[in-house]
Amino acid sequence: QVQLVQSGGGLVQAGGSLRLTCVVSGLPFSRYTMGWFRQAPGKEREFVAGITWSDGSTYYGDSVKGRFAISMDYAKNTMFLQMNNLTSEDTAVYYCAGRHRAAVDYSHWGQGTQVSVSS
């Protein structure tokens, strides 16, 4: 059974930092790409960051480059999203997700966690 269990998030002032965690189980990790997405009220879901499990290569959405960092703890099958210099534009529900490396769409999703940034 595939599970992506998120934790972290909450309320922070503008300029502050938060870290999100996603514990992954039931996936053949070497064949998967993992990522973070977010969705703000009234907006479409937005890609935030991705990481290829096999070699650790990372990539980011333009709006978070230089401020957010995605990483993994291989020993604990855990993915992180470190978010720095947050602004009100970062307020959204954040989701971790996974897709087979040959697939286009993400097929497995975490439960979502709210990040709210006060200005």
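Here is a short walk through the strands of this predicted model and the disulfide that ties two of them together.

A word on conventions before we start. Residues are numbered from 1 along each chain as its sequence is written, and side-chain values use heavy atoms, with hydrogens and water left out. As the model is predicted, local features need pLDDT of at least 70 and side-chain atom pairs count only at pLDDT 80 or more, while totals for chains, interfaces and linings use all residues.

Let us begin with an open sheet of 4 strands, in the order E1-E3-E8-E7, with antiparallel pairing. Strands here are DSSP runs (E, at least two residues), numbered from the N terminus, and two of them pair if DSSP finds at least two bridges between them. Strand E1 (3-8) and strand E7 (68-73) each have a single partner strand, so they stand at the edges, and one side of each is left without a neighbour in the sheet. On average, neighbouring strands of this sheet are turned by 20° against each other, direction ignored; the axes behind such angles are lines fitted to C-alpha atoms, and angles run from 0 to 180 degrees between N-to-C directions. Valine 5 has valine 23 in E3 as its bridge partner.

Now turn to strand E9. Strand E4 (residues 32-39) and strand E9 (residues 92-100) run antiparallel, with 8 bridges joining them. Here glycine 35 stands opposite alanine 97 in E9. Alanine 97 also has a bridge partner in E10, namely tryptophan 109. Strand E10 (residues 108-109) runs antiparallel to E9, and 2 bridges join the two. E9 pairs with strand E11 (residues 113-118) as well, in the antiparallel sense over 3 bridges, and tyrosine 94 has threonine 113 in E11 as its bridge partner.

Finally, which residues does the disulfide join? Cysteine 22 is linked to cysteine 96, with an S to S distance of 2.2 Å; the criterion for a disulfide is a pair of cysteine sulfur atoms within 2.5 Å. The pair connects distant parts of the chain, as cysteine 22 lies in strand E3 and cysteine 96 in strand E9, 74 residues apart. The torsion about the S-S bond is about 60°, so this disulfide is right-handed. Both cysteine 22 and cysteine 96 are buried, that is, under 20% relative accessible area with a 1.4 Å probe and protein chains only (exposed is over 50%, partly exposed in between). The structure holds 1 disulfide.
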